[in-house]
Amino acid sequence: MQKEPLILGIESSCDETAAAVIRGRELLSDEIASSAATQAKYGGVVPELASRAHAEAVDEVVARALKNAGVRKEQLGAVAVTYGAGLLGALLVGLSFAKGLAYGLGIPLIGVDHIRGHLAAAYLEDKTLEAPFLTLLASGGHTAILYAERADKFRVLGGTLDDAAGEAFDKVARVLSLPYPGGPHIEALAREGNNIVPMPKMLKGCGGYDFSYSGLKTAVINYVHTKEQKGEGYSRADVACSFQHAALDILVRKTVEGAAETGAKVVTAGGGVAANGYLREELSRACAEAGLRLVLPAKKHCTDNAAMIAAEGLVQYRLGNFSPLSLNAEASIPLRRSANCEQ
Ligand code: KG4
Ligand code: ZN
């Protein structure tokens with residue numbers, strides 16, 4: 001059998017500069033430097049600050065990934081790097097660095113679509129996982145259910161109609177005066193509250209697998225503003241808890257329905273929202289009830305990281321899909337292109 005390649009993954013699409021080394025599906029190192037604390041002061045990611053932070057960190061983060069993996073760069077078989085979607089200036093830092101490394105070492109460059117990275121994170125969790133499987137993608141930019149026909153080809157059952165799930169968490173967090181990114185803060189606050197604030201029952205598009213969060217987000221904002229204008233007290237924790245239930249229960253329900261419809265026996269999840277403890281518990285319970293095998297990536301592999309980029313790099317490496325050094329960064333990539341199901 002051919003020896004598994006050593007793949008270096010690099011991620012710099014938003015505010016995390018990350019590098020990881022894998023051998024096959026074995027994770028050897030997993031490094032991350034985040035400028036989130038700086039960005040938090042501004043209530044969101046400031047592109048210029050993110051690019052600068054990446055440029056300052058990338059060299060050291062990659063060196064640390066190689067060192068902690070016990071690997072010399074000359075031993076690498078390929079460099080996988082996020083080329084999109086994301087902030088252009090931020091992406092260019094990682095991409096340029098990866099190109100230089102691949103060219104200097106004479107090894108393949110593998111441009112990785114960030115969303116495909118999120119979908120590949122599950123491979124690190126379960127080394128036996130192979131398509132077909134059904135996957136729930138819930139990040140800052142997407143809420144979608146996809147059916148992986150093959151490792152490199154997905155069918156989109158449904159996707160984001162307006163705000164994505166993560167975006168709704170961030171916006172609701174802001175109205176509750178919680179820091180950016182809002183997801184983990186809402187999750188923590190929700191633990192102290194009860195699911196007693198009425199939320200809109202049905203989210204638009206409930207018949208199919210599409211997701212709309214804008215109505216839910218607006219309902220929460222209106223509730224809080226009305227209470228404040230009337231000078232009435234309300235529990236922020238109850239709002240967080242009720243919002244979290246409304247936002248996440250529908251993900252669980254549609255994922256299980258999607259598995260029944262496609263006949264999938266295995267379910268995976270990816271994206272920052274999949275780090276949410278309540279979602280993980282509910283998905284575990286619902287999948288167990290429905291007799292589905294659930295493969296949930298570790299929480300740190302749901303939010304942005306480089307291990308998932310290396311994992312998708314391995315998928316592409318095995319297919320011989322390498323990128324030219326002329327590969328450019330892309331700010332946005334439609335989900336159907338990420339899924340490789342464009343007609
Ligand atoms: O996948 P990700 O790290 O970046 C994108 O590719 O978008 O997702 C970031 C999103 C943010 O909106 C953040 O608030 C949300 O994931 N998030 C969470 C949690 N952790 C991160 N949402 C809910 N609960 C969490 N624990
Ligand atoms: Zn992401």
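This is a predicted model: local features need pLDDT of at least 70, side-chain atom pairs count only at pLDDT 80 or more; totals for chains, interfaces and linings use all residues.
Residues are numbered from 1 along each chain as its sequence is written, chains are lettered from A and ligands numbered from 1 in the order in which they are written, and side-chain values use heavy atoms, with hydrogens and water left out.

Let me start with the overall division. The contact between them, where contact means heavy atoms within 4.5 Å, takes 17 residues from domain 1 and 23 residues from domain 2.

Now to the sheets. When I say helix or strand, I mean DSSP runs numbered from the N terminus, with H or I over at least four residues for helices and E over at least two for strands, and two strands pair if DSSP finds at least two bridges between them.

One open sheet has five strands in the order 3-2-1-4-5, with mixed pairing. Strand 3 and strand 5 (109-113) stand at its edges, each with a single partner strand, so one side of each is left without a neighbour in the sheet. Neighbouring strands here are turned by 20° against each other on average, direction ignored. As for angles in general, axes are lines fitted to C-alpha atoms, for helices over the stretch in contact, and the angles run from 0 to 180 degrees between N-to-C directions.

Within this sheet, strand 2 (residues 16-23) and strand 3 (residues 26-34) pair in the antiparallel sense over eight bridges, with Arg 23 opposite Glu 26. These strands form a hairpin with two residues between them, and Gly 24 in the turn has a positive phi of about 60°. Strand 4 and strand 5, in contrast, run parallel and are joined by five bridges, and Ala 80 stands opposite Ile 110 in strand 5. Helix 2 (residues 47-69) packs on the sheet, touching strand 1 (6-11), strand 2 and strand 3, and its direction makes about 20° with that of strand 2. Helix 4 (residues 114-125) lies across strand 1, strand 2, strand 4 and strand 5, and runs at about 95° to strand 5.

The other open sheet I want to show has five strands in the order 8-7-6-9-10, again with mixed pairing. Its edges are strand 8 (153-158) and strand 10 (293-295), and because each has a single partner strand, one side of each is left without a neighbour in the sheet. The twist averages 25° from one strand to the next. Strand 9 (residues 266-270) runs parallel to strand 10 and is joined to it by three bridges, with Thr 268 opposite Val 295. Helix 8 (residues 236-262) packs on this sheet, touching strand 6 (133-138), strand 7 (143-150), strand 8 and strand 9, and its direction makes about 155° with that of strand 6.

A few backbone spots deserve a look on the screen. The peptide bond from Gly 84 to Ala 85 is cis, with omega near -10°, and Ala 85 sits in the loop between strand 4 (78-84) and helix 3 (88-105). The bond from Tyr 180 to Pro 181 is also cis, with omega near -10°, and Pro 181 belongs to the loop between helix 5 (165-175) and helix 6 (182-190). That loop also holds Ser 177, which has a positive phi of about 60° although it is not a glycine.

Among the polar contacts, meaning pairs of N or O atoms within 3.5 Å, a backbone N or O atom of Gly 183 lies 3.0 Å from an oxygen atom of ligand 1, a polar side-chain atom of Asn 276 lies 3.0 Å from a nitrogen atom of the ligand, and a side-chain N or O atom of Asp 304 is 3.2 Å from a ligand oxygen atom. The protein covers 87% of the 550 Å² of accessible area that ligand 1 has on its own, by the Shrake-Rupley method with a 1.4 Å probe.

Definitions and conventions. A polar contact is a pair of N or O atoms within 3.5 Å; within protein, one must be able to donate a hydrogen and the other to accept it, and residues adjacent in sequence count only if both atoms are side-chain atoms.
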